[in-house]
6 protein chains.
Amino acid sequence: MRVTVHRKAHFNAAHRLYNSAWDDEKNFKTFGKCSYPNYHGHNYEMIVSVTGEIDPVTGFVINLDVLKRIIYEEIEVYFDHKNLNLDLIEFKDKIPTAENIVVLIWNRIRYRLDDHIDLKITLYETPRNFVTYDGN
Amino acid sequence: MRVTVHRKAHFNAAHRLYNSAWDDEKNFKTFGKCSYPNYHGHNYEMIVSVTGEIDPVTGFVINLDVLKRIIYEEIEVYFDHKNLNLDLIEFKDKIPTAENIVVLIWNRIRYRLDDHIDLKITLYETPRNFVTYDGN
Amino acid sequence: MRVTVHRKAHFNAAHRLYNSAWDDEKNFKTFGKCSYPNYHGHNYEMIVSVTGEIDPVTGFVINLDVLKRIIYEEIEVYFDHKNLNLDLIEFKDKIPTAENIVVLIWNRIRYRLDDHIDLKITLYETPRNFVTYDGN
Amino acid sequence: MRVTVHRKAHFNAAHRLYNSAWDDEKNFKTFGKCSYPNYHGHNYEMIVSVTGEIDPVTGFVINLDVLKRIIYEEIEVYFDHKNLNLDLIEFKDKIPTAENIVVLIWNRIRYRLDDHIDLKITLYETPRNFVTYDGN
Amino acid sequence: MRVTVHRKAHFNAAHRLYNSAWDDEKNFKTFGKCSYPNYHGHNYEMIVSVTGEIDPVTGFVINLDVLKRIIYEEIEVYFDHKNLNLDLIEFKDKIPTAENIVVLIWNRIRYRLDDHIDLKITLYETPRNFVTYDGN
Amino acid sequence: MRVTVHRKAHFNAAHRLYNSAWDDEKNFKTFGKCSYPNYHGHNYEMIVSVTGEIDPVTGFVINLDVLKRIIYEEIEVYFDHKNLNLDLIEFKDKIPTAENIVVLIWNRIRYRLDDHIDLKITLYETPRNFVTYDGN
C-alpha cells in the first residue's frame, strides 16, 4: 500500500540560456530571447513527490516537517534569489535549462531520503512550461 | 486504446492528528499544530481518475453522470461537513492523515467500478499538500 | 500617486454556523450542513490589500517584511489550526460566518497600520465563496 | 536520464454530443444537456508532455519553439474557433467526446515527433473534467 | 459596515460574433476567428458580488443558498449549454460579446435582489479575457 | 453603461532591489535577499483593465486585438526577458519595485488610449505578491 505525498515549494531566480562554445547569433537562433546577455528570471514552482508505505503509527509516508526542512535546506537556501549561471557551480559549464535544473534538484533531494522512498520532481519555469524527472 | 477520465470534486471537513497511545507532548512534537484539541479543518479537493477503453457507441470511458453519482454517494454524503475523527467509524482507531483518507476514498469508489476500470485518487489537503493512491 | 500592495496568506480552521437562540431544526433550515454539531473546516485564504503613497527612497508603499510580520502576529498566530467557535473569544456570542471573520481580520490589522494607509481584506472560505471588507 | 517536458496550450470550440443512430430522447438520456441541438462550447486547455533524453549541447529534450510550432500547426489551426461536429472530418461519424478528441490530438502530434520521444496528452474540457492519453 | 459576498458559478455556451449589417469580410476584419460561421464556445466563469449590511441574527449579508438559487434560476437554466446567438432572444439583434452578456446577466440578477443590495458581475470568457459591470 | 474589459498578459524579467546611496548592509537590511548582487527574477503576470462605454455597433468597449497590440508593443517588447536594472532607462536611478514597475506600465499604456477610457493595472510579482495602480 504505497501512497505518494506531494509538497509544493518555490524559488525565484535569474538565468540565461547561452552556450559559450557558440557565437551570439547561433545562441539567439537556438535560445531566442532566453539568450539575452543581462539575464531574465522566473518564479520557479516545484512539486516534490515522495512515494512509500504508510507508517501505521503516524499515518504518514513522511513527516511533512521533515520534508519541508529538506526542501528548505537543499533547494530554497541553494536556489532562491540566485543567478543560476553565476552563483551555482553546477551551471558553470552546463546550461541552466529547466531540464538540467530539475535533474540537479532531484539529485540534491534524493541523497537525503531513505532508499525505500521513490522521488519525482516537477519544476514549473512558467505556468505554461514545466518538466518532470523521476531518476529513470 | 485506454484513456483516463478525471473528475474533480471537493468536501469540507474538520480533523485532528492525534495518537491516543501518546501523551499530548509527544503528539505535539510529531503533529505540531495539527494536534490541537479542538480540531481544525480543510477544503479537501480530490481528483478521481478512471482508466478504461472508449465505448465506441458513446465515446465515453464512463458516463460522467454515473461517475458524479458515485462520487456524490460514496464521498460527498460520507465526508462533507463532517468531523473525520468523531463522525467516521474508520478513524476511531486510525489517524485521519491525508494518506489514510486517500486510501479510504479509493476503497469506497473502487468497489463501485467494473473490474476492467483502473482507479487513482488524488487528494489535496491544502493547495500545497496533496497525496495520490492507485491501489498498488 | 497611490498604489495598492496585495499580500496573500492563509490559515486552516474549524467552525460551525449555529445560533444558540434557536433549536437545531431552525439552525439546519438556515445554515444547512454548516450547522452540524461536530464542526467542519476550511483552508481560509486571504488577501491583505494596503493602499498608500510610494516612498521614493525604498520604492515601497510598505515593506513586505513588515506586512508579513503583521499578518503572522495578528492572523496566523490567532486563527491558524483553531476552532473558531471554541477558541476565539470574539465568536463566543457571534456566529463565525465569513462576513463576521473578515471584519475581525480587518480590525486586527487596521490598528497596526499608519492612518494614511487604506486597508481592504478579501477572505476565501472556499475557492467559490469569498467576502471583502474595507471598513466602510 | 529521461526528462518530460510539458507545454500548455488551448483552443476554443463548439460541439455537441449526439449519436445519429438514436432518437433525441435516447440522446438526451445518455448525453443530457450536451445533446442540445444548437451546440455549446468549451475553452479546451491541453498539456502536451514529451519525454526523452536531454541533449547535452542545448540542455533541451526538445526545443520549445519547435514544440510550439507543432502545437500551432497541428492543433490550434485545426481546432481553434471550430465547430467540432461540423468542421472536422474525423467527427463526421464519431462523437466529439473529450476521450475521442484527446486521441485525435495525440495522433496529430505523434507523427510529427521522433520515434525515441514518448508523448502524452492531457485535455481539459472544463476545469473539473479532463482526460489523458499516452498511446497505450 | 457593508461587506461584499462573492459567489463563483459557470456555464458552457456556444456563440459567434457577427454583425448581420456587414458582409463576411468586414466581420472577419473586426471579429477575426470569432466570426466563423459554425460557432465556437467557451467555459464562461462568473463571479456574482453582492454588497450589503451583515444581518446580526445570521451573520450573513445574504444566505448563500438564496444566492445560489437565484444564480441557478436566472443564469444556469438560461445560459448553460445554449447557443447564445440562436437560443437567446436578447441576442437576436445584438452581438453576444462578453460586454453585452455581462450586462444581461447583471439585469437578470438585479431584479431578484433587494434595493439595499449592490451588485457587480465579473464574467470570464477565457482565463485571460474577462469583463466586469456594476450597473453604473 | 460603462463596462470594464480585462486582459491578462505576462513577461519574464530579472531585477534587484538596491539603493545605490546605501551600503550593502543597509540594502540587505531593507531589501533582504532581493538585494543580492547577481539579480534574481520573476514571471510577472499583469491584468490590464480598461473601462468605457459599449460601442453598440461592435458590442466592444475596445477591440481586444487593438488592446493586445498595445500590450505587445508597450509592455512585452519593452520588458520581456530584460534585466530591469540594466536594460531600462527608467530604473537607472529608481528601484524596480513592483510599485514602481506598475506605475511605469500604467504610463506606457495610458498614452495609447482615448481619454474617455479609464485604465487600471494589476501586476503580480509572484502569485502571492501583487500591486494595483489606476492613476490616482
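**View 1. A salt bridge between K33(A) and D80(F).** In this predicted model, K33(A) and D80(F) form a salt bridge whose closest N and O atoms sit 2.6 Å apart. The rule behind that label asks for a side-chain nitrogen of Lys or Arg within 4 Å of a carboxyl oxygen of Asp or Glu. Side chains of opposite charge can pair when their charged atoms come close. How many salt bridges does the rule find across the interface of chain A and chain F? It comes up with 2.

**Notes for all views.** Residues are numbered from 1 along each chain as its sequence is written, while chains are lettered from A and ligands numbered from 1 in the order in which they are written. Because this is a predicted model, local features need pLDDT of at least 70 and side-chain atom pairs count only at pLDDT 80 or more, totals for chains, interfaces and linings use all residues, and side-chain values use heavy atoms, with hydrogens and water left out.

**View 2. The interface of chain A and chain F.** Contact here means heavy atoms within 4.5 Å, and on that basis 22 residues from chain A meet 22 residues from chain F. The two chains bury about 1800 Å² between them, with 53% of it on carbon and sulfur atoms; buried area is the accessible area (1.4 Å probe) that two parts lose on being put together, summed over both. N38(A), N43(A) and H81(A) supply 33% of what chain A buries against chain F, more than any other three residues. There are also 13 residue pairs in polar contact, both partners at pLDDT 80 or more. A polar contact is a pair of N or O atoms within 3.5 Å; within protein, one must be able to donate a hydrogen and the other to accept it, and residues adjacent in sequence count only if both atoms are side-chain atoms.

View 3. Helices (H or I, at least four residues) and strands (E, at least two) are DSSP runs, numbered from the N terminus. Which element gives the largest share? That's β2(A), with 5 residues. By class, the side of chain A that touches chain F divides into 7 nonpolar, 9 polar and 6 charged residues. Ala, Val, Leu, Ile, Met, Phe, Trp, Tyr, Cys and Pro count as nonpolar, Asp, Glu, Lys and Arg as charged, and the others, Gly among them, as polar.

**View 4. The interface of chain E and chain F.** Here 19 residues of chain E are in contact with 20 residues of chain F. About 1700 Å² is buried, and carbon and sulfur atoms give 54% of that. E99(E), R128(E) and F130(E) supply 37% of the area chain E buries against chain F, more than any other three residues. On the chain E side, α1 (24–31), α4 (98–110) and β5 (129–133) each give two or more residues, and β5(E) has the largest share, 5 residues. This side of chain E divides into 10 nonpolar, 7 polar and 2 charged residues.

**View 5. Strand pairing between β5(E) and β1(F).** These two strands run antiparallel and are joined by 4 bridges; two strands pair if DSSP finds at least two bridges between them. Zoom in and T132(E) stands opposite T4(F) in β1(F).

**View 6. A salt bridge inside chain A.** E73(A) and R112(A) form a salt bridge, the closest N and O atoms being 3.0 Å apart. E73(A) lies in helix α2 (residues 64–79) and R112(A) in the loop between α4 (98–110) and β4 of chain A, so the pair ties together parts that are 39 residues apart in sequence. Over all chains, the whole structure has 36 salt bridges. Chain A itself has 4 helices and 5 strands, in the order β-α-β-α-β-α-α-β-β from the N terminus. Its average pLDDT (the predictor's confidence in each residue, from 0 to 100) is 97.
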